[in-house]
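Me: Could you help me learn how to read salt bridges in a model like this one?

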Amino acid sequence: MTEHPADIPPYRYTAAMAERIELSWQDRWEAEGTFHAPNPTGQLSDGFERVSGRPKLYVNDMFPYPSAAGLHVGHPLGFIGTDVFARYQRMNGHHVLHAMGFDAFGLPAEQYAVETGKHPRVTTEANIVNYRRQLRRLGLGHDPRRSVATADVSYYRWTQWIFLQIFNSWFDVGARRGRPIGELIAELDAGFRQPGEGTNPLGRQWTDLSTVERREVVNNHRLAYVSEAPVNWCPGLGTVLANEEVTADGRSDRGNFPVYRRPLKQWKMRITAYADRLLADLDRLDWSESIKLMQRNWIGRSTGASIVFPTEPGPRIGVFTTRPDTLFGATYMVLAPEHPLVGELTAADWPDDVPAAWAGGGASPIEAVAAYQKQAAQRSEMDRQAEAKTKTGVFTGSFAVNPATGGRIPVFIADYVLMGYGTGAIMAVPGQDQRDWDFAEAFGLPIVRTVQPPGDFAGKAFVGDGPAVNSARDTLTLDGMGVDGAKAAMIGWLEEYGYGQGAVTYKLRDWLFSRQRYWGEPFPIVYGADGLPQALPEEMLPVALPDIEDFTPKTSDDADSDPEPPLGRVADWATVRLDLGEGEQQYRRELNTMPQWAGSCWYELRYLDPTNDQSFVDKEVERYWMGPDPDRPDDTGGVDLYVGGVEHAVLHLLYARFWHKVLFDLGHVSSEEPFRRLFNQGYVLADSYVDSRGFYVEAAEVEHRDGRFFFNGDEVRREHGKMGKSLKNSVTPDEMYDRYGADTLRLYEMFTGPMDQSRPWETKAVVGSMRLLQRIWRVVVDEHTGQLRTSDSDVSAGTLRMLHRTIAAVRDGMETLRFNIAIAKVTELNNHLTTAYADSAVPVAVAEALVLMLAPLAPHIAEELWAKLGHAESLTREAFPVADPAYLVDDTIEIPVQVNGKVRATVVVDADADAAVMEAAARAEARVASYLDGHTARKVVVVPGRLINFVV
RNA sequence: GCCCCCGUAGCCCAAUGGCAGAGGCAGGCCCCUUAAAAGGGCUCCAGUGUCGGUUCGAGUCCGACCGGGGGUACCA
């Protein structure tokens, strides 16, 4: 910054003054613990008695992962918004908890460490220091005692503890909730309960199983379990990924590496058990419809029927269909190439007269099937999707029986059927499904319509509603029924004859939870001689992440490479001698680490009680801040306001809800949901510029001339998008602090639009917010002397009305997170004061109200002015001004008079004038009278206090 | 392809179904200034993406379409 020229008034609010004010108040807030939010009990409870009478409010931001680039001005948009809201509610009488931590484990931090060759703990800790500095400088009113980082041992020991809770639980389908695994074992032992479906592959009675076999059955019930199944293998990152981390085009959402499906033994979390509740409870949450919809789509509940098809070789094929009504039109079946029954169903020889297309060039079904399976396995998700239009497959040589028609139908394998959805097998109904139609056309299979399309229907498969046709047999007639009726009738028939039953499936898959990376929470799991996973007891926590030199993941571009956890390189850590109740023995540790999302699944709980080393959160503390509100019907409890970007719609937000529900079921928390109200902030957008070679150039140095853009004299192309270091269009908060101060930055960000909307960043527009602060300053302080220019004089009636109208509007803006409106109203009031009191002192009552209204938005300058106005205490808990309704109405108001909906005149009437008085006044107005002259009003609409409309 | 959100002055944005403008940026003019702007004042600027409907009255509600953004996609 340059020094001020001599003629700038010495007490003008400049960037330099803003910096002095801001730094000193930040120090004072910290020294006085201004934003400490005492708990009702426990270590952080000092001072609770002073706030116990206030209603509590828990405000939370989606915490950042600390990148090396530091913050740019887009990041803190939500942080400022929550701070303004929290500060407002504090002044509005609430006891507010607002904290900020760091999502420090995981791929982003680790990728950076890999690139720079520095240890992720070193880089992460340095980045956190930088983030803390940048955030502190913004003047956010967080309780600093509650800041946590997920990579701290004191934090992740509880992440591990929660993992153990999940591992040591199972889902009781009948009770629709998670329960401790010990209760399952007791019920199995007592014979009250049989092993759940699919958990007992040996099929023998529980009492006939060996100890190890029993443990396997129990493990198959757990909410965290190891399974061998096709997973997303990303060799470019050296790790497997969850479905939610793979983009639609089959790449990793971090790093954009190709992802391959291959069977691997991995940890999963049984989130599907909670699918129903995760879906149903969305209705109880105050979230935006769009996010709820994304979660609903991701959970993907489909209702229909599961149907069993007998086959000639013997095995029965189970399918799921949403259209059981079309069963009469099922003319063939398809299994996914990886389907476990493919081997048994593949015939030794082709039947006579097998069409050439069905055989796929194979001399026998075995050959053809093997060739097709191989080809399908080698295709990446991307290839598969690129070729989605052409249907491929081969005939297994076997036939199944359509239970409705009794007809023989051929069984194919084809990659348009996915192993990961439903049962991995379908009944193909080409008449009512376009994919099946395409396949049937390609393979010359029969097509039978079972729903009559309308007469003008020109398409192929008909998926709409219509009367059933061709759907009758001795014991069942669907013909003539609509789709819904036919579905119900078919399900009834299937159930009666034992061919199937009504069923529900979900698109949601179990959450793949292990990663072959270094920078994550180690699993509190070891393997003994029997090779089965075993939980470490609670008292052995934490399992500290060993500090190793070579933390880099083993990456490659080879789809056939194998995952190799870096922790496997630490031989003296990978095996351990322990006494787990059977004497000291050697155990192998689990070498995978938890995914990035683990730590963020519960941090909102840890903020509540960050220093507790006896429990992840004290029950009473959790109940106080997050418990359900008895005054709200059917309340889930949870954070009162959670703000973050929409990009976590199906990742973090789904995982965190799942963990929270497990913790609720086990009685560890009183709230059923983590986030009662969710608000998605928009993004700060910024133009970026690309030169002729396709490289980004420094946006700040681009010149704008005649609608074209130039960089160093060469024309460049403009792109709209997000702000980012790689786009060379980042603006840092540090630059803004230097040029304008934090208050100006806060004000500008809040002013550019309502919180939920994205808005372009425009550095040159920031000065407008600086000017507002200067003008407010000038209303209160004489720029030349530094003295107050307020007086105790009475406030004029006009100013009072203006003031109270402003208060009402500002409160509305604050409560609805539309801070742009609140700022505009403050501006308006200040503009009024500048002109009304240009030559006289501003009444102190108005000045104080103005300062208090500014305080949530620009807290430092407001504190400074408040202090100048003679107050020794911080205004943090000063009461926010309240509008007096008496001043919100005028004595007289100007009313538009419309004739046929067009405004023709205005009349002034008493504010409380009734309809008759208003109409009389309107008719008396000369212009109106001339419009009405010679007409009779067919209708007169009078809205008291609003308008009059004559319809002639 | 399907689903969701958004289209108001050059730009960002306001407007319980009731006079389209609260506020800001940019532009123009003037004042202050040796000069400048991060100073002061004044001022210009749209009929609300398009078409149709409901209504006494539509930016607002409904329908179709166009444009932008996002989600999702052989999901049986």
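This is a predicted model: local features need pLDDT of at least 70, side-chain atom pairs count only at pLDDT 80 or more; totals for chains, interfaces and linings use all residues.

Me: What is a salt bridge, and how many are found in the whole structure?

Reply: Side chains of opposite charge can pair when their charged atoms come close. The criterion is a side-chain nitrogen of Lys or Arg within 4 Å of a carboxyl oxygen of Asp or Glu. A search of the whole structure gives 48 of them.

Me: Which residue forms a salt bridge with Asp-83?

Reply: Arg-746 does, with the closest N and O atoms 2.7 Å apart. Asp-83 lies in helix 2 (residues 77-91) and Arg-746 in helix 21 (residues 742-751), so the pair ties together parts that are 663 residues apart in sequence. Helices here are DSSP runs of H or I, at least four residues, numbered from the N terminus.

Me: Are Asp-83 and Arg-746 buried or exposed?

Reply: Both Asp-83 and Arg-746 are buried (under 20% relative accessible area; exposed is over 50%, partly exposed in between, with a 1.4 Å probe and protein chains only).

Me: Which residues are linked in a network of salt bridges?

Reply: The network links Asp-281, Arg-284, Asp-634, Arg-657, Lys-661, Glu-672 and Glu-673.

Conventions
Residues are numbered from 1 along each chain as its sequence is written. Chains are lettered from A and ligands numbered from 1 in the order in which they are written. Side-chain values use heavy atoms; hydrogens and water are left out. Helices (H or I, at least four residues) and strands (E, at least two) are DSSP runs, numbered from the N terminus.
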